[in-house]
Amino acid sequence: MMTSTTQRRPLWRPGRRALGLTALAVPALMALGGCGGRSGGGGGALRVVDYYNTPADDVAIDGALEASAAELGLTFARERVPGDQLVAKVLQMGSSRTMPDLLMLDNPDVQQVAASGALAPLEQYGIDVEDFTPAVADLGMFEGTLYGVAPTVNTIALFYDVAALEDAGVAPPTTWDELREAAAALTTPERYGLAFSATASYEGTWQFLPFMWSNGGDETELDGEGVLGASRLWGDLVGEGSASRSVVNWEQGDAMDQFKAGNAAMVVNGPWNIAGLREDVPELEWDVVTIPVPEPGGTSVAPLGGEVWTIPVTGDEQRQADAAALLKGFLSPQNQLAMAQERSTIPGDAEAAAQFAAENPDLSTFVDQVSTARSRTAQLGPDWPRTAKAIYTANQRVLVDDTDPAEAFDEAARTVD
Amino acid sequence: MTAHQTDRRRSRRRDLMVRCAFVLPAALYMLAFFGYPIVKNLVMSFQAYDFSTFFNGRAPFIGLDNYAATLTDPIFLRALGNTGLFTLGSLAGQFVLGLALALYFRRRFPLSGLLRSLLLLPWLLPMIVSAAVWRWILEQDNGALNRFLEGLGLISDPIPWLNSSDTALIAVILVNIWLGIPFNVVLLHSGLQAIPEEVYEAGALDGATGARSFAHLTLPLLRPVVSVVLLLGVIYTIKVLDLIIGLTGGGPANATQTLATRSYEMSFVEFDFGQGAALSNVLIAIALAFSIVYLRANARAAKNG
């Protein structure tokens, strides 16, 4: 970008005004293209791209990066992209060879980007995830190589309205039978027992995974009994009227809103709601349990969420090494704890997570849920998006058309073949 | 050759250059912003163009594979049918209601100007905002529409507007009708204004009043405007994406999946840009067919006029 502009300039023979504009445009173009200090080989601020736009996230991430940068004597410049535009932005940066020095990705996208060869393996920079919870370590792996690390993660569990459960005389459910009974007992003409999201997007699949995985279902075998049983549970909850049929059109935020409004006594959701719950409905007494399991004593297996930090291949070894050093400092257990605290997320480092659970009883359920959680892309890698779509589509057929789960998932299995 | 002749030839050439210079900006604009994307899309549809292409530039040509995959996609026929129903239903509703409102506003009455400008409201709202609000209105249990209908005693059980594969497409069409009414009213109203009052006076003398004047005077004189409204409506409706994504995301269970949403999904959800491009080319071909009809009708109208 820089060279083409400088080459073209003499040919134009621009007038004074055009010259002024060019003078303005060249630095702007260089900044846009991230060519700022590249010629200097290592000089200049490291370019960081992420999607942390909410004030709490923004401050936490900035603080952790700042702490790491100050120690190393590096500088960085952050670019915040709207969440839903990050992938498009990454594709655009990839094709124009303007990848940043440090790139945050949502964890299901990491494998796609890594598969295209755009990311640098992190091992060469001495970054490892040996002390991490194993599933969290998996988030940034592609074909056995580490390409990204998540400083903190999240997952989903079951929120419930303490007073409503007491009034109905039911205990927080731990098994599917208890969940169905509790949801039925909690349902009144004004309120559903349970809310969750089965929307036609990845969120609908993400909310289904804890039921599917806890039941022994697997994304590589969509027509397996584990998957069918979980789908049947969802179908029963809606069919018995314990959950609204509107779940097919609720995103997670909508499901949470139903809970806040008192239209649902329990909701499947994540820790990022805790600040909002305290703020919007301070009088509501709520608590969280892990997602119920099919049989007593079973393990509740939820999906891991959260963002993974990567080093794109920019061709400038020195800057890549600097970015790696910045990332390594950013990932320190202290920084993880600070970010977890401010963002209601769970540290990736196993020891830090234990310490965090002890200090934050509100979040200890999520720490438990993370310890047994799974990564969505660990098995399918870049094929995950297609399967995720097949799963939410099949569930929607079960929920709105009363299609038999066996038939819906049989077709789902065929579409991903 | 005399000096005079050379002069004239030179001035003619300069004349031509000047004319070209006037056309040039428009031509360049068309090439850059219409020609390039269309050609690029066409080329992409013959390539294995996926996520990694953006990074390594590799996009091998695979002939008609993308088209074959697109047309045999299990959702294709459903999406095609939905696109047809969506376009037809939206157009019929928008046009009939738009014409009725335009006729209504032909009469002058107190506050008619204000009311007419309020009608433009759906146009002023960003589509995503409208979609979000309509999602609340159409909500099954606590939505305003079901509460209203229940209050009137018209329904006893809430209608699962967006939550059933039987009604979701209808609900989406209803919202799109609401969205398209301003466009129809504005064009049809200005068309009605252009019909001279004398025609109606003369008609009234011959006994054409009320419904007869509408059938024999208004409709025939409005025909050029009607064809413009309908054809632009088709081209505009066939590619509606944001409204459907905002309301249902193509669900439940693909009940509101159209060619546009499916193409978007292939490209930006499944990251198969080649297949997405192939499907969007099918869509472009359909829209193009209607554009040709429109241009022909236009040319004929111009000749007759």
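Two exercises on a predicted model follow, each with a worked solution.

Local features need pLDDT of at least 70 and side-chain atom pairs count only at pLDDT 80 or more, while totals for chains, interfaces and linings use all residues. Residues are numbered from 1 along each chain as its sequence is written, and chains are lettered from A and ligands numbered from 1 in the order in which they are written.

**Exercise 1.** State which strands pair with strand 3 of chain A, and in which sense.

Solution. Strands are DSSP runs of E with at least two residues, helices are runs of H or I with at least four, and both are numbered from the N terminus. Two strands pair if DSSP finds at least two bridges between them.
- Strand 1 (residues 46-50) of chain A pairs with strand 3 in the parallel sense, over two bridges; A:Leu103 is the bridge partner of A:Val49.
- Strand 12 (residues 307-310) of chain A pairs with strand 3 in the antiparallel sense, over four bridges; A:Trp309 is the bridge partner of A:Met104.
- Strand 3 (residues 102-106) is largely enclosed by the rest of the structure, because four of its five residues are buried (20 or more other C-beta atoms within 10 Å of a residue's own, C-beta atoms being placed from the backbone).

**Exercise 2.** Describe how domain 1 of chain A touches domain 2 of chain A.

Solution. The bounds, from an automatic or database domain assignment, are 19-154 + 306-371 for domain 1 and 157-302 + 382-416 for domain 2.
- 14 residues of domain 1 are in contact with 13 residues of domain 2 (C-beta atoms, placed from the backbone, within 7 Å).
- Helix 16 of chain A gives the most to the domain 1 side, with four residues.

Methods: A residue is buried if 20 or more other C-beta atoms lie within 10 Å of its own, exposed if 12 or fewer, and partly exposed in between; C-beta atoms are placed from the backbone. Two residues are in contact if their C-beta atoms, placed from the backbone, lie within 7 Å.
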